[in-house]
Amino acid sequence: MTADDSAEIAGTYRAFARWDAHGRSPAYESLADAVAGDAALVRFLGSLPPDKRQPNLVFSAARYLLGAPPGIEELRDLASRSRAAFTEALLSRRTQTNEPARCAVLLPALAQLPPPLALIEVGASAGLTLLVDRYSYDYAGHRLAGRDPQAPTLRCTPSGPVPLPARLPEIVWRAGLDLSPLDVRDENDARWLSCLVWPGEGDREQRLAAALASARRDPPTVHRGDLLTDLPALAAEAPADATLVIYHSFVLAYVAPGKRAGFTAMVRDLGVVWLSNEAPGVVPGLPATSARAEGMSVLVRDGRTPLAHTDPHGTWLRWLS
Ligand SMILES: C[S@@+](CC[C@H](N)C(=O)[O-])C[C@H]1O[C@@H](n2cnc3c(N)ncnc32)[C@H](O)[C@@H]1O
């Protein structure tokens, strides 16, 4: 590993502490800073393939092995004394955080479309963000009841002219696509999802547990496949008499930048409704804004029209006029 590699890894961890963990997870903020200053850990990370060095993946894999969020001593220990098991966990898992509350920022855009709807989510993980009509919603007092009364109520603070729907849209067909679908019925997959939640993130763990319980009662279908190659075949399976919506949320950042334009061109060619909920600068052709600094994501229709700034975890939604 070169000095440049070490500097890049340390920089990634410092940036994660400052931009991602700050204000959300004090434990991971200080852990990421500590990793950035630890030469032995940086060397261990440098021995991994580049896409396996991300703080989120490393901390979650450690939590999966330890059964509790790691501190710097535990990380040092895993990287030295349990190196093989730690490496194996990192190589076999990927960042698949599945946040049901992101449905609350998608819902107003979905409810504006001509019903009934057919949904395809690319990068669906376990499919929890496919179950839009299963959850109940509370937009600062504007309430909507979901199909499963035991599923969580997603609370989201709206601002701006959000077109809050009077009812949930009718969804007649849905399917997910993921490189490595997680199975809501599999205990290890469910545990991995819970390890991806950061310590200090309020009610996310309870919300995830309730969403998983609902999903287990009627599991969503998530096909194994690559959004770069397998989307047209899946889109061809959707019923012709429904409005087909293809959407993705916190996915394109995991696709190599040089390949993203191929995906967006393919979605445009399909002639469907396309919603993206990604960090600014991730979807090609859309300007990067200051939203990263402010920790926001952007909901965009058809790769052209920014609809809203959104909280990455769905707790607020600022509609753009
Ligand atoms: C951070 S998770 C987001 C899950 C869900 N969209 C959400 O918002 O909760 C990203 C997901 O994208 C999937 N993914 C990454 N690259 C992919 C690709 N080329 N094709 C299909 N899925 C991909 C990962 O496996 C992972 O499950």
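Of the 79 residues in the largest nonpolar core, Phe59 and Tyr137 touch the most other members. The model is a predicted one, in which local features need pLDDT of at least 70 and side-chain atom pairs count only at pLDDT 80 or more, while totals for chains, interfaces and linings use all residues. Residues are numbered from 1 along each chain as its sequence is written, and side-chain values use heavy atoms, with hydrogens and water left out.

**Exercise 1.** Find which helix gives the largest share of this core, and list the contacts of Tyr137.

*Solution.* Begin with the term: a nonpolar core is a set of buried Ala, Val, Leu, Ile, Met, Phe, Trp, Tyr and Cys residues joined through side-chain atoms within 4.5 Å, where buried means under 20% relative accessible area, exposed over 50%, and partly exposed in between (1.4 Å probe, protein chains only). Helix 7 (residues 103-111) supplies the largest share, seven residues; helices here are DSSP runs of H or I with at least four residues, strands are runs of E with at least two, and both are numbered from the N terminus. Next, taking contact as heavy atoms within 4.5 Å and leaving aside neighbours within four places in sequence, the partners of Tyr137 include Cys103, Ala104, Leu107 and Leu168. A second, separate core has 27 residues, among them Ala175 and Leu177.

**Exercise 2.** Decide whether Ser136 is buried or exposed, and find what its side chain meets.

*Solution.* Ser136 belongs to strand 2 (residues 136-139). Because its relative accessible area is 13%, Ser136 is buried. A polar atom of the Ser136 side chain then lies 2.9 Å from the backbone nitrogen of Gly146. Beyond four places in sequence, the contacts of Ser136 include Leu144, Pro152 and Leu154.

**Exercise 3.** Locate Ala151 and state which residues it touches.

*Solution.* Ala151 sits in the loop between strand 3 (142-144) and strand 4 (153-155). Ala151 is buried, since its relative accessible area is 6%. Not counting residues up to four places away in sequence, Ala151 touches Arg134, Tyr135, Ser214 and Arg217.

Definitions and conventions: A polar contact is a pair of N or O atoms within 3.5 Å; within protein, one must be able to donate a hydrogen and the other to accept it, and residues adjacent in sequence count only if both atoms are side-chain atoms.
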